[in-house]
Amino acid sequence: MMATKANQTDARYMALALSLGRRGQGKCWPNPAVGCVIVKEGRIVGRGWTQPGGRPHAEPQALAQAGEAARGATAYVTLEPCSHFGETPPCAQALIDAGVSHVVAAIEDSDPRVSGQGFEMLRMAGITVRTGVLAEEAGLDHAGFFYKTEQGRPWVTLKLASSFDGRIATGSGQSKWITGPEARRRVHAMRACHDAVMVGGGTARADDPSLTVRDLGVAEQPVRVVISRHLDLPLMGQLARTAKEVPVWLCHGAGADVERIQAWEGLGARLLPCAAHGVQLDPNDILQQLGAAGLTRVFCEGGSALAASLLAFDLVDELIGFTAGLGIGAEGLPSIGALGLTGLERAGRFDLVETTPVGGDVLHRWHRAG
């Protein structure tokens, strides 16, 4: 019974640490969004999460709040405390200096600069370390950071808002609005917890989107990424007008017009030349470029050609669909472009993790199978 009670207590405090860490998602890249809770004698004495820009880290934030109460306390952290000197001292050392007696961590850091060394520092200092508490949940929360560290690319969420028959626009191109206001508000909340919002050039030309988070009181906006091989994007659109206020990154091909490159740079955009794959840009290279630039979580909102390209290269980690109760018909624009599949066995499978009504629409969320 005592072991069960201890496990339940650990899980309760770790769940709180995870919820705190999620406050940093979309704001602290290239660092992981870590949460920390410090508990002494059954009372929470400190809380912290990674701050915008990646520092301060979660542990120093929580320790500062705890003060002297941290001595002899237990620290719950969602990721192994760092052990290396960067722009801030190691968090493992901060925990040692504060005199905590126990550290409960959800998961080990895969960054080779840490990777078990933080735990070893703590143990060498006489601190009891327990790991693996809510490890699965923490692995999902930190998946973008792990992907960037291990694969060089960010976690990719593909969001599609479509009619019941899978169309994202009518034959004439009309798409506002297929889903209702509640679903659109939920999308803004999803944008806010990603480092970047990404669309294809066709979407940028057709919709002239702002791609910002609105009506939620968000201070830090995600980077706006547009994939356009030829940079044939409107120089008077919303993205161009606001590029100096909210970051705009443009992924383009080697053959893009030099004058257009210079024009976008003059507007404040960041230009990322990417390799080609056939008539399109190589999605692998695009994501490697974004990962090298520090992004850990990218929210892709289409269009259909970009969605098909990411799926064809098996680069989608999460699918989010908002389905509306209307039919548009075969003449409408499909949510996913041609994939060239010759058999169902070649179609990537995803596991359903959530289905819920959102206003008059249905949200369904899927994760990469396995």
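Author: Sorted by class, the residues that line the largest cavity are five nonpolar, seven polar and three charged. In this sorting Ala, Val, Leu, Ile, Met, Phe, Trp, Tyr, Cys and Pro are nonpolar, Asp, Glu, Lys and Arg are charged, and the others, Gly among them, are polar. The model is a predicted one, in which local features need pLDDT of at least 70 and side-chain atom pairs count only at pLDDT 80 or more, while totals for chains, interfaces and linings use all residues. Residues are numbered from 1 along each chain as its sequence is written, and side-chain values use heavy atoms, with hydrogens and water left out.

Rolling a probe the size of a water molecule over the atoms shows where empty space is left. The search uses a 1 Å grid over the protein atoms alone: a cavity is a set of points where a 1.4 Å probe fits but cannot get out, a pocket is an open set with protein on both sides within 12 Å along at least five of seven lines, and a lining residue has an atom within 4 Å of a point. Grid points are joined across faces, edges and corners, and a volume is the space filled by probe spheres set on the points.

Over the whole structure, two cavities of 30 Å³ or more are found. The largest cavity holds about 90 Å³. Its lining has 15 residues, and those closest to its centre are Asn31, Pro32, Ala33, Thr296 and Arg297.

The second largest cavity has a volume of about 50 Å³. Among the residues that line it are Ala204, Asp208, Leu233, Gly237 and Trp264. Helix α9 (residues 238–241) gives the largest share of this lining, three residues; helices (H or I, at least four residues) and strands (E, at least two) are DSSP runs, numbered from the N terminus. By class, the lining of the second largest cavity has seven nonpolar, two polar and one charged residues.

Of the 24 residues that line it, Leu311, Leu319, Ile336, Gly348 and Phe350 lie nearest its centre. Two or more lining residues come from each of β6 (155–162), α12, β15 (318–323) and β18 (361–368). The most, four residues, come from β15. The lining of the second largest pocket has 13 nonpolar, seven polar and four charged residues.

Three of these elements, β6, β15 and β18, belong to an open sheet of nine strands in the order β11-β10-β9-β8-β14-β6-β15-β18-β17, with mixed pairing. Two strands pair if DSSP finds at least two bridges between them. At the edges of this sheet are β11 (270–273) and β17 (350–358), each pairing on one side only. With direction ignored, neighbouring strands are turned by 20° against each other on average; the axes are lines fitted to C-alpha atoms, for helices over the stretch in contact, and angles run from 0 to 180 degrees between N-to-C directions. β17 and β18 run antiparallel and are joined by eight bridges. Glu354 stands opposite Arg365 in β18.

Buried means under 20% relative accessible area, exposed over 50%, and partly exposed in between (1.4 Å probe, protein chains only).

The backbone on both sides of α12 deserves a note. Most residues other than glycine have a negative phi, and most peptide bonds are trans. In the loop between β14 (297–300) and α12 is Gly303, and the peptide bond joining Gly302 and Gly303 is cis, with omega about 5°. After α12 comes Asp314, with a positive phi near 55°. Asp314 lies in the loop between α12 and β15. It counts as partly exposed because its relative accessible area is 48%.

Asp215, in the loop between α8 (201–207) and β9 (223–227), has a positive phi near 65°. Asp215 counts as exposed because its relative accessible area is 71%. A cis peptide bond also runs from Arg55 to Pro56, with omega near 0°, and Pro56 is in the loop between β2 (43–49) and α2 (58–66).
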